[in-house]
Amino acid sequence: MADGGWSRKDLIGIEALSRDEITLILDTAPQFAAISERSSGIKKVPLLKGRLVVNWFYEPSTRTRNSFELAAKRLSADTLAMTAASSSSVKGETLHDTLANIEAIHADVIVIRHGCAGVPHILADRHASHIINAGDGRHEHPTQALLDAYTIRKQLRLRLGDPEATLDGLKVAIVGDVEHSRVARSNILCLKRLGAEVRLCGPSTLMPQGIAQMGVQVTANLEEALADVDVVYTLRLQLERQAKALFPSLREYIRLFQVNTATMRYAPEHALVMHPGPINRDVELSSEVADGERSVILDQVSNGVAIRMAVMHLLVNGGGQE
Ligand code: CP
């Protein structure tokens, strides 16, 4: 980052971002949140007017895809949507050729979700458009981690009445299927870069080998994981990515790792409950807690639009034209 501004062409992952860059994105988002919260007038600004944003999703998505589309529209960009089925890759075209054709119609921003880790990186190296990783395999989901950090910071500032409060020293427990989770990986990187302490909890079969080297504590004991935490971040059990059974039964998983009213008693009263969605209700998270007053799950979704507006604005305009 140069002179406190933004100089990156793409957003591929949290790993490459400095604390200052993450903070710049989080500090840019509130002005965009205010646009979405307008009670009257037009919920739009012309910062990406005349630009083309292409949402290119090879995997299903509800939150990320709609959030990027709305964010682009709120910035006055034109938008196009492509899925695996609707792109020429089903006819054998390479990703590079497909992207070259999208760029030939003057696309400016490509938001891509792909099942293979590294695809956004490979495209960003060869193409001039701004590439945003909307989730690549088990690797990263950077805008999810950014909206999560923004949500935590916003809620912390509200609770403390301190508009300058940071995540330094905050304790976050990430519970569940870490093995298959790009959200967990991006969140660990983001939270640690912002000074938070991260604990992981789940069955050892759903914990990647060597994950402790990321500077996190690892435990299979939910009571131990939730003691003293400020945030309980629950992960979706990704049954569709499990080729073989990785725990004895769903009932056993629920008994040991479900975040519910009883297990939330291990955590302090102020602890927030988060989940990236989609939720397997009453599997990793009970409906009572998901819909309860400690849950900020829908706030995460709302904040996602502001974060994605901030990211696209910074990539395209470098933070200028505010
Ligand atoms: N959190 C998240 O990535 O959700 P979607 O799969 O619905 O985009």
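Colleague: Which residues does Ile174 touch, not counting residues up to four places away in sequence?

Modeller: Ile174 touches Ala184, Asn187, Ile188, Val198, Arg199, Leu200, Cys201, Tyr233 and Leu235, where contact means heavy atoms within 4.5 Å. This is a predicted model, in which local features need pLDDT of at least 70 and side-chain atom pairs count only at pLDDT 80 or more, while totals for chains, interfaces and linings use all residues. Residues are numbered from 1 along each chain as its sequence is written, and side-chain values use heavy atoms, with hydrogens and water left out.

Colleague: How many residues does the largest nonpolar core have?

Modeller: That core has 67 residues, and Ile174 is one of those with the most contacts inside it, as are Phe32 and Met312. A nonpolar core is a set of buried Ala, Val, Leu, Ile, Met, Phe, Trp, Tyr and Cys residues joined through side-chain atoms within 4.5 Å; buried means under 20% relative accessible area, exposed over 50%, partly exposed in between (1.4 Å probe, protein chains only).

Colleague: Which helix gives the largest share of this core?

Modeller: Helix α10 (residues 297–317) does, with ten residues; helices are DSSP runs of H or I, at least four residues, numbered from the N terminus.

Colleague: Turning to the rings, how many aromatic pairs are there?

Modeller: There are two, counting Phe, Tyr and Trp (six-membered ring) with centres within 6.5 Å; planes under 30 degrees apart are stacked, over 60 edge-to-face and the rest tilted. Trp56 and Tyr58 form a tilted pair, 5.7 Å centre to centre with 50° between the planes.

Colleague: Is Trp56 buried or exposed?

Modeller: Trp56 is buried, at 0% relative accessible area, and Tyr58 also counts as buried, at 19%.

Colleague: Why is the pair of Tyr253 and Phe257 tilted?

Modeller: Their planes stand at 40°, with the ring centres 5.5 Å apart, so the pair is tilted. Tyr253 and Phe257 both lie in helix α8 (residues 250–257), about one turn apart.

How values were computed:
Helices (H or I, at least four residues) and strands (E, at least two) are DSSP runs, numbered from the N terminus.
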